[in-house]
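Hello,

Here is the structure I said I would pass on. Please open it alongside this note; what I found follows below.

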Amino acid sequence: MSRFLFPKWTNKIKNLLLPLVVGGAVYMVVLVWLGASPKTLVAGYSPVQPVPFSHAMHAGELGLDCRYCHTTVETAAYAAIPPTATCMNCHEKGIKTTSPKLAKLREAFATEQPMRWEKIHDLPDYAYFNHASHVTRGVGCKSCHGRIDQMERVYQQEPLSMAWCLDCHRAPEKHLRPLDQITNMAWAPENQLELGLQLKNEYGIKTSTDCSTCHR
Amino acid sequence: MTTLDPSHASEAFKEFRPPLLDGKNDYKTITDQICGVPEWSHSETPKAWYIAFTIAVSMLGMLGAMIAWLFWMGVGVWGNNNPAFWGWPIVNFVFWVGIGHAGTLISAILFLFRQKWRTSINRFAEAMTIFAVACAAIFPGIHVGRPWVAYWLFPIPNQMDMWPQFRSPLLWDVFAVSTYATVSLLFWYLGMIPDLATIRDRATTPVRRFLYGLFAMGWNGSNRQWHRFERAYLLLAALATPLVLSVHSVVSFDFAVAQLPGWHTTIFPPYFVAGAIFSGFAMVVSLAVPARQFFGMKNLITMRHLEAMNKVILATSMMVGYAYLTELFIAWYGGNPYERFAFLNRVMGNYSWAYWSMFSCNVIFPQLFWFKKIRRSIPLMMIICVLVNVGMWFERFVITVTSLSRDFVPSSWGYFTPTLIDALTFIGSFGLFFTLFLLFCRWLPMVAVAEVKADMPRDEAAVKGA
């Protein structure tokens with residue numbers, strides 16, 4: 001049998017090899033970098049809630065402080081979702097007591113069953129996050145949750161990925177603000193970095209990037 | 001590759017340097033003999049191969065089942081537990097990496113030292129190296145607990161901003177072993193190209209012609225190709241040589257860089273390298289003896305080859321023994337009470353059965369190779385070489401487990417007990433090893449045809465006929 005050698009047309013494949021390998025590598029990197037990014041996969045999540053509660057109206061137009069409802073944010077790891085009773089402070093006797101949009105709320109209040117709100121900002125169980133240690137040390141609500149006061153229906157603005165957490169833990173001055181401005185959504189300093197460094201020093205902030213800081 | 005043509009040498013020279021092969025061989029018989037094996041038809045293949053292959057594949061299946069069970073259940077199916085978190089998976093890893101050292105030593109270092117007897121055994125020793133490294137690579141991969149994130153071992157930029165700890169020898173290990181696997185594979189494949197082309201040219205079926213042709217990469221045996229081939233081979237040999245020493249040194253850092261008594265010693269790198277070569281050669285002999293028998297290669301892999309390897313085993317056995325004794329001496333002489341306790345515990349503690357298994361298999365039995373009769377006795381060398389491999393497994397067990405189970409604080413002491421899954425996984429890794437090895441013996445040229453011929457006396461008939 002005659003000797004097998006590669007036919008001539010295979011030379012064309014040889015020429016294609018380099019662009020294919022280089023192009024393929026670049027394509028894979030771009031695909032994973034952009035396609036598998038939490039910015040693509042996670043940010044923007046905005047489920048429909050059982051009651052169309054508008055943060056834009058309550059926190060924005062009416063100017064309710066975040067802590068009126070999320071009462072534990074300064075003292076606990078978890079920023080509490082308010083009980084139905086909190087809503088009923090206004091909606092039981094005064095405002096919009098017969099609105100059909102609030103039917104579920106009234107039902108929940110009457111039957112003493114909790115409202116089934118959809119959780120939006122959901123960290124994995126292996127990541128430990130403490131609201132109190134952030135908001136009492138100069139990290140404002142807006143830094144992680146965005147302009148909640150402008151959201152008709154709340155969505156997740158930030159990717160909440162590990163890299164995103166680390167970004168701030170490596171340079172907290174990018175997000176520090178005075179303690180009396182924590183819940184002020186519109187607060188914007190003239191020179192964040194300068195102020196941030198000053199506050200970092202003042203509050204004695206030593207962010208850690210050890211594994212066990214978040215993975216306990 | 002030859003520099004001297006022995007056919008022109010004097011009779012005295014021939015006596016001083018006897019021919020490397022036994023019996024009457026010429027270029028044609030060598031080609032027919034070695035290339036004949038991959039050309040075996042279904043009926044020509046010995047039953048023994050099918051039986052061996054069936055057993056090996058069954059064991060491989062068992063390995064797969066054990067790994068699947070592990071992934072489903074988690075690492076709790078193993079005996080690894082506080083305080084001995086490293087257990088068998090790491091023992092097996094070091095064991096297999098160690099075995100993978102003989103191939104490159106034979107093919108690279110002996111090549112650079114012009115040890116021509118290597119040509120009969122280098123091909124399958126290299127194959128053995130690659131298969132052993134493949135077995136080794138499994139264990140750290142499945143040991144990480146969450147194998148779907150095993151890619152975290154490599155510095156791949158990711159959205160978690162996570163980066164390996166470059167100060168950790170565990171990361172150096174990843175680089176050392178993967179470099180070693182890559183270079184060994186390239187070296188093995190490169191050396192095989194001319195032989196693959198020979199099988200291609202002898203092919204009688206189109207499938208064989210195409211497949212061997214594909215992997216022969218268009219080799220046509222021209223002067224220019226040979227020139228470049230030998231250049232590349234020499235360069236790869238030079239690249240592979242430091243790897244023989246570096247890989248197991250780095251593996252030893254996994255232990256030596258830690259502060260644990262019994263691990264934290266400077267003797268580890270040379271001690272590990274000697275042990276690796278020791279176990280690797282023992283494995284080559286235990287594979288060569290049956291392989292030369294079943295595939296009819298006795299004239300190529302002669303008693304002289306086996307004896308030479310047994311001498312290497314004897315030499316490295318004494319190096320390993322010297323290291324054991326040095327460790328004991330330093331534990332006493334160093335005056336560190338923890339270190340002293342660690343070694344007393346090894347020798348006389350509740351793992352002393354493992355220590356003395358290791359010591360007798362690695363240091364005492366190989367001393368029998370001082371006797372020429374034993375060096376040249378097939379059954380005895382098989383027994384000793386298998387014992388050496390048992391002993392070298394125990395060495396890694398002793399190092400890993402005794403130190404972990406008896407560290408500084410008695411409150412954190414424990415006793416490691418393996419589970420059935422541990423044992424079946426380890427046995428299963430032999431299934432992977434032998435499956436690959438049997439496939440290699442059956443389908444690839446198991447002896448380097450071109451290299452053996454280059455070191456033969458010149459075949460006058462073939463040269464005249466050409």
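Which domains does the assignment give for chain A? There are two entries: domain 1 covers 55-81 + 120-214, and domain 2 covers 83-116. Their C-alpha centres lie 29 Å apart. Please keep in mind that this is a predicted model.

**Chain A**

Chain A has eleven helices and zero strands.

The overall dimensions deserve a look. For 216 residues, a compact globule would have a radius of gyration near 17 Å, but chain A has 25 Å. Along the principal axes, its C-alpha atoms fill a box of roughly 95 × 50 × 35 Å. Buried residues make up 14% of the chain. Take the contacts in chain A with a separation of 6 or more: 71% of them are between residues 24 or more positions apart.

Helix α10 of chain A runs over residues 192-203.

- Glu112(A) has a phi near 60 degrees. Its place is the loop between α6 (103-111) and α7 (131-135). Glu112(A) counts as exposed because 8 other C-beta atoms lie within 10 Å, and the cut-off for exposed is 12 or fewer.
- Leu160(A) has a phi near 55 degrees. This one sits in the loop between α8 (141-145) and α9. With 19 C-beta neighbours inside 10 Å, Leu160(A) is partly exposed; buried would need 20 or more.

**Chain B**

Chain B has 18 helices and zero strands. Of the residues in chain B, 42% count as buried. Among its contacts between residues at least 6 apart in sequence, 82% join residues at least 24 apart.

**The nonpolar cores**

In soluble globular proteins, nonpolar side chains tend to be buried together. Which residues have the most contacts inside the largest nonpolar core? They are Met128(B), Phe281(B) and Val284(B), in a core of 123 residues. Helix α10 of chain B (residues 268-294) gives the most to this core, with 16 residues.

Leaving aside neighbours within four places in sequence, Val284(B) is in contact with Ala102(B), Ile121(B), Ala125(B), Met128(B) and Met309(B).

A second, separate core has seven residues. Ala59(A), Cys66(A), Cys141(A) and Ile182(A) are among them.

Pro83(B) lies in the loop between α3 (47-73) and α4 (87-99) of chain B. The peptide bond that joins Asn82(B) and Pro83(B) is cis, with omega about 5 degrees.

Which residues does Ser405(B) contact, leaving aside its neighbours within four places in sequence? Pro83(B) is one of them, along with Ala84(B), Trp413(B), Gly414(B), Tyr415(B) and Phe416(B). Ser405(B) itself is found in helix α15 (residues 378-405). The C-alpha atoms of Ser405(B) and Asn81(B) are separated by 9.9 Å, although the two are 324 residues apart along the chain. Is Ser405(B) buried or partly exposed? It is partly exposed, because 19 other C-beta atoms lie within 10 Å and buried needs 20 or more.

**Where the chains meet**

How many residues does each chain give to the contact? Chain A gives twelve and chain B gives 13. On the chain A side, the largest share comes from helix α9 (residues 162-170), with three residues. By type, that side divides into nine nonpolar, two polar and one charged.

Best wishes

Methods
Residues are numbered from 1 along each chain as its sequence is written. Chains are lettered from A and ligands numbered from 1 in the order in which they are written. This is a predicted model: local features need pLDDT of at least 70, side-chain atom pairs count only at pLDDT 80 or more; totals for chains, interfaces and linings use all residues. Two residues are in contact if their C-beta atoms, placed from the backbone, lie within 7 Å. Helices (H or I, at least four residues) and strands (E, at least two) are DSSP runs, numbered from the N terminus. Ala, Val, Leu, Ile, Met, Phe, Trp, Tyr, Cys and Pro count as nonpolar, Asp, Glu, Lys and Arg as charged, and the others, Gly among them, as polar. Domain bounds come from an automatic or database domain assignment. The expected span of a helix is 1.5 Å times one less than its number of residues. A nonpolar core is a set of buried Ala, Val, Leu, Ile, Met, Phe, Trp, Tyr and Cys residues joined through C-beta atoms within 7 Å. The radius of gyration is taken over C-alpha atoms; the globule rule is 2.2 Å times the number of residues to the power 0.38.
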